[in-house]
Amino acid sequence: MIRHLLRRLLLARLPSLAALAIQWAEQQAAVIARDGKPLTQRGTAVARRMGVREPERVRVLVVTVIPAPDSWRLRLAARALGFLRPSTLGLTLGHGIFLREGYAGMRLLSHELRHVHQYEEAGSIARFLPVYLRQLLTFGYERAPLEVEARLHEVRDGPYA
């Protein structure tokens with residue numbers, strides 16, 4: 001009941017939350033673009049298989065923990081959605097991918113690369129995030145259509161190298 005009420009409240013505030021999320025995501029994407037590494041040859045092949053049109057733009061940054069937003073409003077919303085927890089293993093922001101150290105396998109990378117494809121289809125971070133956030137609020141993380149689609153495209157073979 002409380003989770004349902006919280007989701008309704010967050011849906012009502014989605015435009016302002018989305019604006020904050022877009023700003024944070026674009027800042028983090030810039031960090032990944034600056035500090036991340038390009039895909040390996042195998043990663044590029046998987047990116048193409050996931051439908052990524054511009055795999056040469058993808059950068060992967062392996063981190064000890066996926067960064068949390070600075071905004072307390074975004075952190076609270078993420079917590080309410082069960083999203084961006086300390087246990088989060090990967091996060092895609094445009095052509096930038098955060099992967100948590102020790103979990104950079106092909107299954108996780110392919111999942112995140114499918115999200116890159118979804119961002120490309122949307123056209124930008126600013127167009128993708130409001131749709132994604134609405135899905136999280138409406139269906140929950142596990143049943144959000146964009147998450148379900150990414151899971152259906154996962155490649156289950158071997159480490160990313």
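Trainee: Why is T88 called buried in this predicted model?

Mentor: The relative accessible area of T88 is 15%, and buried means under 20%, so T88 is called buried. This residue is found in the loop between α4 (72-81) and β3.

Trainee: What makes I66 and R100 count as touching T88?

Mentor: Contact means heavy atoms within 4.5 Å, and T88 touches both I66 and R100 when residues up to four places away in sequence are not counted.

Trainee: How do you know that the backbone nitrogen of R85 lies in a polar contact with the side chain of T88?

Mentor: That nitrogen lies 2.8 Å from a polar atom of the side chain of T88, and the cut-off for a polar contact is a pair of N or O atoms within 3.5 Å, so the pair is within the cut-off.

Trainee: Turning to the sheet, what makes β2 and β4 a pair, and in which sense do they run?

Mentor: Two strands pair if there are at least two bridges between them, and strand β2 (residues 59-63) and strand β4 (residues 96-100) have five, in the parallel sense. Within this pairing, R59 stands opposite G96 in β4.

Trainee: Which helix packs on the sheet and touches β2, β3 and β4?

Mentor: Helix α5 (residues 106-122) does, and its direction makes about 20 degrees with that of β3.

Trainee: What is the order of the strands in the open sheet, and why are β1 and β3 said to stand at the edges?

Mentor: The four strands have the order β1-β2-β4-β3, with mixed pairing. Because β1 (37-38) and β3 (90-93) each have a single partner strand, one side of each is left without a neighbour in the sheet.

Note on methods: Residues numbered from 1 in each chain as written. Predicted model: local features only at pLDDT ≥ 70, side-chain atom pairs only at ≥ 80, totals over all residues. Heavy atoms only, no water. Helix = DSSP H or I, 4+ residues; strand = E, 2+ residues; numbered from the N terminus. Axes fitted to C-alpha atoms, helices over the stretch in contact; angles between N-to-C directions. Buried < 20%, exposed > 50% of the residue type's maximum accessible area, 1.4 Å probe, protein only. Polar contact = N/O pair within 3.5 Å; in protein donor to acceptor, adjacent residues only side chain to side chain.
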